[in-house]
Structures are given as structure tokens and as C-alpha cells.
Amino acid sequence: MENLIFGILIIIICIAGYYLAFRQFRRQRILVSIILLMICGLILRFYAASDLYLHQWDERYHALVAKNMIEQPFKPVLYADPVLSYDYKNWSANHIWVHKQPFPLWTMALSMSVFGTNEIALRLPSIILTTLGIWVTFAIGWSLFNKRVGFIAAFLYSVHGLIIELTAGRVATDHIDVFFLFFIQLAVWLAIKFARDKKPLFNVLCGTSIGIAILSKWLPALIVLPIWLLLVLDSKKFNLKEILVHFTLLCIVTAVIFLPWQIYTHQAFPLEAQWESAFNLKHLTEILDDQGGPFYYHFNKVRIIFGELIYLPLIWFLWKSVKNWRNYRRLLIVVWFLVPFLFFSFAKTKMQAYTLFTAPAIFIITALFWHYMYFYRKRIGYKWLTWPVLALLLLLPVRYSFERIKPFEKRERNPGWAQELRTLNRTMDDKAKVVIFNVDRPVETMFYINCTAYPHIPEKNILQELIESGYTLLVNDRGHLPADIKNMNGVEIIHADI
């Protein structure tokens, strides 16, 4: 009941805030209107991120590795002290963990080192980045087209349900895709600044942002390179020699940022690094983790993620771009949206967030279509359709946001198992080298408690060896514990729903 009341209150506040943002924009108070969008977006993100437990996919794994990185930032591990044998190929239960690139994990580790090992500190970097992303989206839309396009695009970013849900860690790929999204859009904005001002610093920062995006989720971040080229050509401020020199510098800076980690991991952890490199390629040729779908999977998903009317602006924009293919600004938006969609359509493994980094481009396309319909509303035939379409282009994404955030549901946001783990952690302060067996949530257990945890109980001789090696052993009794384990010296029996 408390969650329902809190959710209703949050929505009322945000509706009022967004209404004021639109009013301030109409009065040409641009800065105030964008700040209001960011404040409302921040409120929605904090609300969604206030679940006091780790979500199953994939947040719990990212959380545990980030926690372990607090002490050893250059040794990414899942099981910090794997007392039992493991398969290095099993990313969900191994020791060295190079399943994902390190930058988001480093940032989450830094946040938890400052604010404590807890769920909010874990999600804080994603909250900050997607809030800043509202402003960056506005800046890109304004720079390429006009203020109204930037504002509408920023509004759509602010309320976008999947971005908010990923920020909260509620769905698969969570914070990794949030970082990837932000640093790609930041790189695009820095490329716009460089093309406009010809200042090499912006080019270096653009390369840095591309490198960080690669260090967040890998090579699709290179989509910024053709966008950079189109921006430079559109500016008409560079001759061929200057373009080659600055493009080379951009690539060098990008490589300097992302290559050292790749070289380091292949030298320090050769088995795991080689396996994960091959595993990443399998996403293109095999269906992994039952995440498959038809070729049109992403083009079908776009109506769910961005609203059912999204095909109208997309088809309109593609048609306008083909008619005027020399318009580099339109063309770069097409490249940003269409190339990743086609690439991931050919890939065998498919997940909804794989194309999320195209979201700012889709928001800008929608905003440009909205601006076009609004500006030419008196000239459009079927005038009675104009206002409903304008309204639905904004309201359908808002409805989708409600479905994702779930403010009107009675939800358990601090489940009993998480409370039990926190309580158990407080009793572990005086115990060293703790191993807990027979738990349903071993990864979560290791996040909340400084221990090693397993879902099963090993052979009795292994337990004895661990006791003799100085480990404190806890075995969770879920009602079917063998008597010889219960009566074993050196084993402490606990009763917890974890």
C-alpha cells in the first residue's frame, strides 16, 4: 500500500513538473524548461531505482563484480575466493569475470566505495548519466535542427520507460547499456561541437567518449565515426587534408582509451579473455540464452519501446532523407538509427536493449515529425487528424513509461530475503573466511555479505578440508539437511530464506 501511495504522489509531482516545463518552453525560457525536464526525469529514475534488492538479470552479477573491484579494480572477479572448483567458461559462476567491459563496473565500484555497498549507490551512476542524457539529447536536437526539436526529443528521453527501467537495473543488460547509450550520444554532441568550432579539444574529447563507450559495451560504438564524418562534411569548414588529420587523431585517441584493457586482459587472464572474445562473436552466429527472434525483431520491438505511432515519423523521415540525400544532418540521423538496426537484425542473438543507443536519434526523428506537423498543421489535409496524432506521439511513450515504472502496482520493494541477508551480514562481523552453502541466491548473498556462497552442499570430505584450512562454514537448513551435516563439528547451521 505504501508503494502505491508513493507511486501516485511521484506521478502527480512529475505531471505538474512536465506541464510547467512545456509552459516555460512556450515562454522561451529554454534553460528553465530543460532543468524542469531533468528534475522530473531524475525523480522518475530515483523512484524506479529505489528497489532495495538486486534484480535477477543481469544486475546481481554486475553488482557483485563491481563490489569486488572496490579492492582490486584491475582484477574483475565474480567469486572472489572460489573454494570449490569452477568452469572458467561459465560467466555466471566463475572466478575471473571479463564477460563485460570494465568502465561501468569501475564507476559503480567507485560509487559504492564512497556511498557504501548498497543498491542505491550501485545505481547512482546510471541515474546521473541518464539524467544528464536529457540535456545532451536537447543539445543535439537543437544543434542539428531547432529548439523545439531538441525540447521534444529531451522530453521523450526523460520519460522513456526502457531507459528508466535499465537505469533501475530491473531488466537485462541494465547499467551496461545505460553507459553505452550515454557515451555514444555524448560523443555525437562533441562531434557536433568540433565540426562547428574546429577546436581540436572537442575532437579529443569525442575520441575519449567513443573509447569509453567501447569500454562499456564494445565496438558498435564505432557508429559515431561515420556520424563524425557527415558532421564535418556538413560544416564545410574542413579541406580533405584537415579531415584526414583530425579523423586519424580521433581514431588514435579512441584506440588509446580502449585498447590497453584488451591487451591487459589477454595477457593477465588469457583463458577467460580468449573465451569471452569468441563468445561475443557467437552472438552474431548463434542464438544464446534462448534470446532469438525473427529478422524483423528490432523493427517490431520499436513500436513497443517507442510507442505504436513511431512508424509514422520513421517512414516520413526516411522518405524525406531519400528525397534530399545531400542533407548530411538528416543522413547522419538515418545512419545512427538504421545501421545498428540492420546490423542487429542479422545477428542471431536478439535482445530489446541491443539497439537502445539509437534512442536519441529516434527521439529526434519523432520530435522533427512533431515539429513539422505542428508548424504545417494548417496546410495538412485531414486537419481533424493532426491534433490527435500530435498528442499520441507524446502520450503513447508516457503510457509505456507507466507500464515500465509500475507506479500504480502494489509491489514488494524490500523483500524478506534481502532483509534476511542484511541481518545475517551484521552477525558476520567477527567471522573470517566465511563460506555459506545451500542458498538459492549465492550471487546476492556474496554482495550483501563478505563471504563465498554456493547453492549446493559439497561432499563431507571437502567440508572437512575447508574447516581445517580455517574457513567458517555455514550451511542453510531448508528442511532436508542430512543428519551427518547437522552434527558435523565446525559447521554452523542457519535457517534463512535466502
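Q: Which residues of strand S1 point one way, which point the other way, and are they buried or exposed?
A: Strand S1 covers residues 434-437, where strands (E, at least two residues) and helices (H or I, at least four residues) are DSSP runs numbered from the N terminus. Val-434 and Ile-436 point one way from S1, while Val-435 and Phe-437 point the other way. A relative accessible area under 20% counts as buried, over 50% as exposed and in between as partly exposed, with a 1.4 Å probe and protein chains only; all of these S1 residues are buried.

Q: What kind of model is this?
A: Residues are numbered from 1 along each chain as its sequence is written, and side-chain values use heavy atoms, with hydrogens and water left out. Local features need pLDDT of at least 70, side-chain atom pairs count only at pLDDT 80 or more, and totals for chains, interfaces and linings use all residues, the model being predicted.

Q: In what order do the 4 strands of the open sheet stand?
A: Two strands pair if DSSP finds at least two bridges between them. S1 pairs with strand S3 (residues 472-476) in the parallel sense over 4 bridges, with Val-435 opposite Leu-473. S1 is also joined by 2 bridges to strand S2 (residues 452-453), again running parallel, and there Ile-436 has Ala-453 as its bridge partner. The open sheet, with parallel pairing, has the order S2-S1-S3-S4.

Q: Which strands stand at the edges of the sheet?
A: An edge strand here has a single partner strand, so one side of it is left without a neighbour in the sheet. The two strands in that position are S2 and S4 (491-494).

Q: What angle does the direction of helix H20 make with that of S3?
A: Helix H20 (residues 460-468) packs on the sheet and touches S1, S3 and S4, contact meaning heavy atoms within 4.5 Å. Axes are lines fitted to C-alpha atoms, for helices over the stretch in contact, and angles between N-to-C directions run from 0 to 180 degrees. For H20 and S3 the angle is about 145°.

Q: Which residues of H6 meet H2?
A: On the H2 side, the contact is made by Ile-30, Ser-33, Ile-34, Leu-37, Gly-41, Leu-44 and Arg-45. Their counterparts in H6 are Lys-147, Phe-151, Ala-154, Phe-155, Tyr-157 and Ser-158.

Q: Which residues touch the most other members of the largest nonpolar core?
A: A nonpolar core is a set of buried Ala, Val, Leu, Ile, Met, Phe, Trp, Tyr and Cys residues joined through side-chain atoms within 4.5 Å. The largest such core has 115 residues, and its largest share, 16 residues, comes from helix H8 (residues 174-197). The members touching the most others are Leu-37, Ile-140, Ile-184, Cys-206 and Ile-333.

Q: Against which helices do the buried residues of H3 pack?
A: In H3 (59-69), 11 of its 11 residues are buried, including Glu-59, Arg-60 and Lys-67. They pack against H4 (103-115), H5 (119-144), H8 and H19.

Q: What is the relative accessibility of Gln-28?
A: Gln-28 lies in the loop between helix H1 (2-26) and H2, and its phi is near 65°, a positive value in a residue other than glycine. Asn-438 likewise has a positive phi, of about 70°, but Asn-438 is buried, with a relative accessible area of 12%. Gln-28, by contrast, counts as exposed, because its relative accessibility is 52%.
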